[in-house]
Amino acid sequence: MQTLYASKGSEGDDLKTNEKFLLQSLDSLYDLFLTQLTLIVEVHTKSKDRLQKTQKKLLATKDEINPNAKFINNEVLERLSSNVVLKERIEDQKLNPWYLDFEYVDVILKTILESDIYKSYMTTKTSTFKEDKNFVIDLFTEIIAPNDKLYDYFEDRRITWLDDLPVVNTTILKLFKKVKATSEPGLFTPSLFKDLEDRDFGVELLKKTILNQASFSKEISAKTKNWDAERITQIDTVLMQMAICEFQKFPSIPVKVTINEYLEIAKEYSTPKSSNFINGILDKIIKEYTAEGQLNKIGRGLM
């Protein structure tokens, strides 16, 4: 979607250039994913260092010598910080900007320590895996993901990262919700593509959408005659073009899967009313295809 949105929007666009942009964008998105996870690791590490320094103070109090270590012993954070697979992936891609930009680690840690989420969590010294997990989910949702300073930082690092951030944060949140005490280390380092077929699908969807944009746009125009063209956002147009491409050019993908996918994307990236608008237009197109016998989906239970 981002590649199509950024392109000139014509069938004359250089397919190789757009394909290269797509793959580079996906690599950049994964870099952001690793950078965000690394931030969480660095915050956890900084907390450990802070606690150890406090214990070694010359005139340390009893509470400072025997502090509540619940935060640094959090099982989910410990699993993330000690994740060998994650460390190797970060080293391979040379991705740890927080070593130089440590002030952001300090800002996030300070915000955490001052939060009601942290204070409530630290009222006891022991916890279950479930409590640790829910605490991390709350921290990420309420403190890390919406942090304005991080938004500005990511935008300065790479302009595309600001657009990628909602996808990355949603992915990380899903991983935290999915993690179990028995989860494998690889949970936090999912592959960018399931396999080569998954990668090829993305490239083919891009190419076929670009090559057929004129005809797809014509279909959309025919179903939106009562709409002011200027009121239809470019993102909505791109999403509908991609959906029509899947209807026509990818017979193995069920219609419902396609529609649900693009409605979810619209909810995340477009206007509040976009998902209902897109759903209505796509529904009209599907009914027309069905009536005219143009919908050729293969496989059991597909339509």
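Buried means under 20% relative accessible area, exposed means over 50%, and partly exposed is what falls in between, with a 1.4 Å probe and protein chains only.

**Entry 1: ground rules**

I am working on a predicted model, where local features need pLDDT of at least 70 and side-chain atom pairs count only at pLDDT 80 or more, while totals for chains, interfaces and linings use all residues. Residues are numbered from 1 along each chain as its sequence is written, and side-chain values use heavy atoms, with hydrogens and water left out.

**Entry 2: overall layout**

I looked up the secondary structure and got 15 helices and zero strands. Helices (H or I, at least four residues) and strands (E, at least two) are DSSP runs, numbered from the N terminus. The C-alpha trace spans about 80 × 40 × 35 Å along its principal axes. Of the 303 residues, 43% count as buried.

Next I checked contacts, meaning heavy atoms within 4.5 Å. Among those between residues at least 6 apart in sequence, 78% join residues at least 24 apart.

**Entry 3: salt bridges**

How many salt bridges are there? I get nine, counting a side-chain nitrogen of Lys or Arg within 4 Å of a carboxyl oxygen of Asp or Glu. Side chains of opposite charge can pair when their charged atoms come close.

Lys-48 and Glu-78 meet at 2.7 Å, N to O. This pair links distant parts of the chain, with Lys-48 in helix α2 and Glu-78 in helix α4 (residues 75–81), 30 residues apart. Lys-48 is partly exposed at 26% relative accessible area, and Glu-78 is also partly exposed, at 28%.

Glu-288 and Lys-223 form a salt bridge at 2.9 Å, N to O. Glu-288 sits in helix α15 (residues 274–291) and Lys-223 in helix α12 (residues 213–223), so the bridge ties together parts that are 65 residues apart in sequence. Is Lys-223 buried or exposed? Lys-223 is buried, because its relative accessible area is 14%. Glu-288 comes out as partly exposed, with 29%.

Asp-283 and Lys-287 pair up at 3.2 Å, N to O. They are four residues apart in helix α15, so about one helical turn separates them. Asp-283 is partly exposed at 35%, whereas Lys-287 is exposed at 55%.

**Entry 4: nonpolar cores**

I then went through the cores, a nonpolar core being a set of buried Ala, Val, Leu, Ile, Met, Phe, Trp, Tyr and Cys residues joined through side-chain atoms within 4.5 Å. In soluble globular proteins, nonpolar side chains tend to be buried together.

The largest core here has 51 residues, and Phe-71 and Phe-176 have the most contacts inside it. The elements that each supply at least two of its residues include α5 (84–92), α6 (102–113), α9 (148–157) and α10 (161–178). Helix α2 gives the most to this core, with eleven residues.

I listed the neighbours of Phe-176, not counting residues up to four places away in sequence: Ile-40, Val-76, Leu-80, Lys-133, Val-136, Ile-137, Phe-140 and Phe-188. Another core, of 29 residues, lies apart from the largest one and has Phe-250, Ile-253, Ile-281 and Leu-282 among its members.

**Entry 5: cavity**

A search of the whole structure turned up one cavity of 30 Å³ or more. A cavity is a set of points on a 1 Å grid over the protein atoms alone where a 1.4 Å probe fits but cannot get out, and lining residues have an atom within 4 Å of a point. Grid points are joined across faces, edges and corners, and the volume is the space filled by probe spheres set on the points.

The largest cavity holds about 80 Å³. Its lining includes Ile-40, His-44, Phe-71, Val-136, Phe-140 and Phe-176. Elements giving two or more residues to this lining are α2 (15–55) and α8 (129–144), and α8 gives the most, with four.

**Entry 6: two single residues**

Gln-241 is in helix α13 (residues 234–249). Its relative accessibility is 5%, so Gln-241 counts as buried. Beyond four places in sequence, Gln-241 touches Thr-209, Gln-213, Phe-216, Ser-217 and Ile-220.

Glu-230 is in the loop between α12 and α13. At 76% relative accessibility, Glu-230 counts as exposed. I also took the C-alpha separation between Glu-230 and Lys-57, which is 65 Å for residues 173 apart along the chain.

Notes: On a 1 Å grid over the protein atoms alone, a cavity is a set of points where a 1.4 Å probe fits but cannot get out, and a pocket is an open set with protein on both sides within 12 Å along at least five of seven lines; lining residues have an atom within 4 Å of a point.
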